[in-house]
Amino acid sequence: MKSLTLEACAKINLSLDVAGTRPDGYHLLTTVMQSVSLSDRVYLELDRQGNGLILLANDPAIPLDERNTAHKAARHFMAAAGIDAGVRIFLEKAIPMEAGLAGGSADAAAVLFGLNELCGKPLTMAQLLELAVKTGADVPFCLTGGTVLCTGIGEILTPLEAFARVPLILVKPDFGISTPWAFQRFDEYPAAVRPNHSKLFSAMQRRDLQAMQDATANVLESVSLKAHPILDSLKQQLLDLGAGMAQMSGSGPTVFGLFRETAHRDRAYAALEQRLPDGYRIFSATTLGHGLRIL
Ligand code: C5P
């Protein structure tokens, strides 16, 4: 029996634009994804004598069958690598579900990477990336991590200069948003404000959060903020508490605020903790240069 534990990090979208739609309904994106330090732990066990896949999690709300991207990832890996062994996966969740933080995709990326390590690396990174996009649109980014411009449906990855060590706060309201729902509604509510990526890249290089706020946008806010006006108020509260930039992540509902200093972030965290309604979750984090780590 061989085993491995990985840390699987959440992501935020520093920008998100929709450039079109594919015939299969998937949307073509231009989005800057950034790994952050909020993470799940993924425990993997490989039993060469055994067979079958067992998925367990510490959160009863999580499906443990093929609806779970970690389950899908393991199936894809075993088929592609031609390995017939017993696999046990335990997910210790900290990243909330349906939050716009790619929690499921991060776990799936950890399963692909981790099983490949446990099996003696039968697949190349390019092959793992192919399995990643078959598993979910955010999984290729989660396999790579760091600061990346993602295009296509999210699978064409262009690494950017690292935007690591920036303190941030994530606020997850007491409701979830389904990604398919948000993308379907986007087609009905075209976005008024779109990101200017060349301005955003130059602001990121200067680490000028105010200029990033002016240059960027998440077009899915046109859907999610309309359905949940509280999200706009959360963004405003983060800015009022000193965030240089605040935005919704992915299809939401999580809203993040980036801060210039750790002390500013910690003060804002303490203030929000006092005033947020019951059921809202708040996380203190930093941006990272990686998305996955073997522990
Ligand atoms: O690939 P993933 O399972 O993460 O995507 C969930 C859903 O989000 C898709 O079924 C699709 O409805 C929507 N989506 C999209 N365009 C993308 C990514 C996701 O329309 N680029």
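This is a predicted model: local features need pLDDT of at least 70, side-chain atom pairs count only at pLDDT 80 or more; totals for chains, interfaces and linings use all residues.
I count two residues as in contact when they have heavy atoms within 4.5 Å. Residues are numbered from 1 along each chain as its sequence is written, and side-chain values use heavy atoms, with hydrogens and water left out.

**Entry 1: nonpolar cores**

I looked up M212 and, leaving aside neighbours within four places in sequence, found it in contact with L14, F163, L200, A203, M204, M245 and L258. I then turned to the cores, each a set of buried Ala, Val, Leu, Ile, Met, Phe, Trp, Tyr and Cys residues joined through side-chain atoms within 4.5 Å. For burial I use relative accessible area: under 20% is buried, over 50% is exposed, and partly exposed lies in between (1.4 Å probe, protein chains only). The largest nonpolar core holds 67 residues, of which L14, F77, I89, M212 and L258 touch the most other members. Helix α2 (residues 103–118) gives the most to this core, namely eight residues. Helices (H or I, at least four residues) and strands (E, at least two) are DSSP runs, numbered from the N terminus. I also noted a second, separate core of 27 residues, with V219, L231, A246 and F259 among them.

**Entry 2: Q34**

Is Q34 buried or exposed? I record Q34 as buried, because its relative accessibility is 0%. The residue lies in strand β2 (residues 27–47). A polar atom of its side chain is 2.8 Å from the backbone oxygen of L288. Beyond four places in sequence, Q34 touches residues including L14, F141, F163, T287 and L288.

**Entry 3: the loop between β4 and α2**

I checked phi in this loop. Most residues other than glycine have a negative phi, and most peptide bonds are trans. E98, in the loop between β4 (86–92) and α2, has a positive phi near 45°. A102 is placed in the loop between β4 and α2, and its phi is positive, near 60°. I class E98 as partly exposed because its relative accessibility is 44%. A102 is buried, with a relative accessible area of 11%.

**Entry 4: P253**

Which residues does the cis peptide bond join? I found that it joins G252 and P253, with omega about 5°. P253 is in the loop between β8 (245–248) and β9 (255–258).

**Entry 5: L64**

I located L64 in the loop between β3 (53–57) and α1 (69–81). L64 is partly exposed, at 37% relative accessible area.

Notes
A polar contact is a pair of N or O atoms within 3.5 Å; within protein, one must be able to donate a hydrogen and the other to accept it, and residues adjacent in sequence count only if both atoms are side-chain atoms.
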